[in-house]
Amino acid sequence: MKKFLPRKSFLPTFQQRFTLLLLVLLFAVLFLVYASVNPTANEFGAVISSIKTKEKVVALTFDDGPNEPYTSQIIDILDANHVKATFFIIGKNVEYYPEVARKLLNHGEVIENHSYSHSQALAIGDFDYDDADMAQLAIFKATNVKPHFFRPPHGLKTPWELNRIKAKGMLTADWSDDGIDYYRFSASQIAENVLRVAHPGSIILLHDGYGLIHGSNRSETVKALPFIIKTLKVRGYRFVTVPELVGTTPYLD
């Protein structure tokens with residue numbers, strides 16, 4: 001008599017389903033982290049981190065100011081080298097150093113919005129993201145200009161944050177070239193970090209401040225800046241502001 005063996009089930013076991021679920025969740029978490037913190041990621045909305053060009057142009061940017069005496073020292077170096085830069089300034093720091101914000105404008109630098117409180121938590125939990133509005137108001141009161149560009153604190157992006165910035169008529173700008181000067185690197189290491197990856201269309205990230213800490217030490221960045229400028233000029237690069245790089249206006253009407 002012919003024996004019939006039981007058919008093998010092709011349905012996944014509980015353990016297999018559980019493993020698959022874990023893998024899907026892990027992939028989702030990795031994707032969210034990448035889209036949130038990678039400065040070149042555009043998954044949550046349009047973010048300008050560089051432009052595609054064959055022209056040897058780069059944009060120097062400085063975050064977290066105004067912060068004395070380092071913001072003024074950087075202005076002096078830029079003036080001496082006939083270079084203009086873009087400063088992404090924090091609203092609370094503008095309220096503390098309004099004269100320095102005006103000094104940036106008077107010297108031909110471009111000032112843009114880097115939030116009011118420099119808080120990552122607000123980017124995650126504040127779905128209206130009023131922090132950018134508060135920064136706009138603080139900057140306008142001190143300088144009579146309304147920035148066209150916004151840079152998220154620590155580069156952290158969320159879909160609702162980027163949507164709110166877009167609704168305000170602003171553009172979001174991150175970077176493609178990080179000096180990593182927020183760590184305790186020497187001036188030579190900061191310069192190496194910048195020069196190693198600089199390319200046509202780069203937006204370079206440096207810092208003239210450190211969050212809301214007034215007087216935070218940016219002396220190594222100040223020391224590195226002349227060498228960065230000189231080396232890039234020798235390589236044939238020209239320095240422009242972020243609005244010039246993008247081809248738009250620095251301020252809203």
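Modeller: Quick ground rule: helices (H or I, at least four residues) and strands (E, at least two) are DSSP runs, numbered from the N terminus. This is a predicted model, so local features need pLDDT of at least 70 and side-chain atom pairs count only at pLDDT 80 or more, while totals for chains, interfaces and linings use all residues. Residues are numbered from 1 along each chain as its sequence is written, and side-chain values use heavy atoms, leaving out hydrogens and water.

Now, helix H2 covers residues 70-80, and after it comes His82, with a positive phi near 55°. Buried residues (under 20% relative accessible area with a 1.4 Å probe, protein chains only; over 50% is exposed, in between partly exposed) in H2 include Tyr70, Ile74, Ile77 and Leu78. The buried set packs against strands E1 (57-63), E2 (86-89) and E8 (203-207), plus helices H4 (98-106) and H9 (219-234).

Let's stay with H9. Its axis lies 10 Å from that of H2, at an angle of about 10° (axes are lines fitted to C-alpha atoms, for helices over the stretch in contact, and angles run from 0 to 180 degrees between N-to-C directions). That makes the two helices roughly parallel, a label for angles under 35 degrees. On the H2 side, Tyr70, Gln73, Ile74, Ile77 and Leu78 meet Ser219, Val222, Leu225, Pro226 and Ile229 of H9, where contact means heavy atoms within 4.5 Å.

H9 also has buried residues, among them Val222, Leu225 and Ile229. After H9 comes Gly236, whose phi is positive too, near 95°.

Key:
Angles under 35 degrees count as roughly parallel, over 145 as roughly antiparallel, 65 to 115 as roughly perpendicular and the rest as oblique.
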